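Reader: I would like to learn how to read the features of a structure, one by one. Please show me the model and walk me through it.

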Amino acid sequence: MDNPEVYFQFKPFYKKYTGEKALLGDFIELAGPENLKEKIECIIVFPNGINTQVRLTAVQIVQLIQQEVPGIAVIPIGESSALYEPKQRSKENPVLLFLRVAFSMVLLFIGAALAIMYFHSDVDMNKAHQIIYYFITGEKVDNPVLFTVSYSLGIGMGIAIFLDIFAKMKNKENPGPLELEMHQSEKELREYLRDQEGKKQN
Amino acid sequence: MIKAVITIVTGVSGGLAVGASVTAFFTVIGVTVKIIEWSRKKEYTLLYQCSIVLGALVSCFIYFSGLTLKHLQIIIIPLGFMMGIFVGMLAAALTETLDIITVAAKKLNIVRWIYLIVVVTLLGKVVGSLLFFLIPGFF
């Protein structure tokens, strides 16, 4: 009889908390004979769970599986290593959280206001508005209030449209540009940490 | 004669450079893409392109000719609003803005509250713009 074969790939995220027993099935996804699959998924990797970041390589996984099931052919698919982080049981201080949120709100509010002022005076927006106002009404006005106020409200509308705020209120499924950006930077961070961890081990 | 030729060549090349870079800016930054996505009619790309070109031409005409249509106050508010929407999209699309929100949310560990942060940024923009135009002596 031929040797049985299993294929595995790393799961993208680790879902258990610190201190929970970590099984091989938490780290990898398997394809192969059903009875072997169950056996392999129950292999204990870290009996006491993981407390810090852990880097697993495909070679380590192959070794673990072959110890348990001798003579099995283990074939990795995709990435050759992955970094896992345990979930933290968070007991966040609500006051601190509130302060943090409030602080960043104030910071961003003032920053956004200042940035748009910089932009307007940089491009001499007022002159452009005067010209547009003159073109439409034929009056030369220093400060076309009607136009500038509606323009200012439009800016808010534009940001809301671009960042899909209205779509967010309806359904939370589709990722907006902001989610994509967050995901991107998270991925870069994970990749960096994984490679850095690999350097340390070698 | 030679002066006229040189002037025309300089003008056309200057216009080419500015037009190309402005359009590239809008496109790369993703504002046009966003608007076209919003309209849900990708088939009409040619139409959208023509609108961009026409808009640029008309604005040049308005800016340099000094002509006036007179007594069209009725379109001032919707026009200002639409211009604001475009500038707002531009401001939101700038990678700096996106990055700042992302970094702020992550550093302060308040990813769950990110849309609150976006709304606050938005209000900041509106208030900043209003202050700029309404307080005399700002420009």
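**Charges over rings**

Author: The charged end of A:Lys140 sits over the ring of A:Tyr134, 4.8 Å from its centre. The model is predicted: local features need pLDDT of at least 70, side-chain atom pairs count only at pLDDT 80 or more, and totals for chains, interfaces and linings use all residues. Residues are numbered from 1 along each chain as its sequence is written, chains are lettered from A and ligands numbered from 1 in the order in which they are written, and side-chain values use heavy atoms, with hydrogens and water left out.

Reader: Are B:Phe132 and B:Phe133 buried or exposed?

Author: Buried means under 20% relative accessible area, exposed over 50%, partly exposed in between (1.4 Å probe, protein chains only). B:Phe132 counts as buried because its relative accessibility is 2%. B:Phe133 is buried too, with a relative accessible area of 1%.

Reader: Which residues form an aromatic cluster in chain A?

Author: A:Phe8, A:Phe10, A:Phe27 and A:Tyr84 form one cluster. Remember A:Tyr84. It returns in the lining of a cavity.

Reader: How do I read a cavity, and how many does the search find?

Author: Work on a 1 Å grid over the protein atoms alone. A cavity is a set of points where a 1.4 Å probe fits but cannot get out; a pocket is an open set with protein on both sides within 12 Å along at least five of seven lines; lining residues have an atom within 4 Å of a point. Grid points are joined across faces, edges and corners, and a volume is the space filled by probe spheres set on the points. A search of the whole structure finds two cavities of 30 Å³ or more.

Reader: What lines the largest cavity?

Author: Its volume is about 40 Å³. Both chains contribute: A:Ile159 and A:Leu163 from one, and B:Ala91, B:Ala92, B:Thr97, B:Ile101, B:Val118, B:Thr121 and B:Lys125 from the other. α4 (76-93), α5 (95-107) and α6 (114-134) of chain B each give two or more residues to this lining. Helices (H or I, at least four residues) and strands (E, at least two) are DSSP runs, numbered from the N terminus. The largest share, three residues, comes from α6(B).

Reader: What is the lining like by class?

Author: Ala, Val, Leu, Ile, Met, Phe, Trp, Tyr, Cys and Pro count as nonpolar, Asp, Glu, Lys and Arg as charged, and the others, Gly among them, as polar. The lining of the largest cavity has six nonpolar, two polar and one charged residues.

Reader: Which residues line the second largest cavity?

Author: A:Gln53, A:Leu83, A:Tyr84, A:Glu85, A:Arg190 and A:Leu193 do. The volume of this cavity is about 30 Å³. β7 (81-84) and α7 (177-201) of chain A each supply at least two of the lining residues.

Reader: What is the volume of the second largest pocket?

Author: About 960 Å³. Its lining has 23 residues, and A:Glu85, A:Pro86, A:Lys87, A:Glu186 and B:Asn109 lie nearest its centre. α7(A) gives the largest share, four residues. By class, the lining divides into eleven nonpolar, four polar and eight charged.

Reader: Next, backbone angles. What is the phi of A:Asp124?

Author: Most residues other than glycine have a negative phi. A:Asp124 has a positive phi of about 55°, although it is not a glycine. A:Asp124 is found in the loop between α3 (94-122) and α4 (125-137) of chain A.

Methods. Phe/Tyr/Trp six-rings, centres within 6.5 Å; stacked < 30°, edge-to-face > 60°. Lys NZ or Arg CZ within 6 Å of the ring centre and 35° of its normal.
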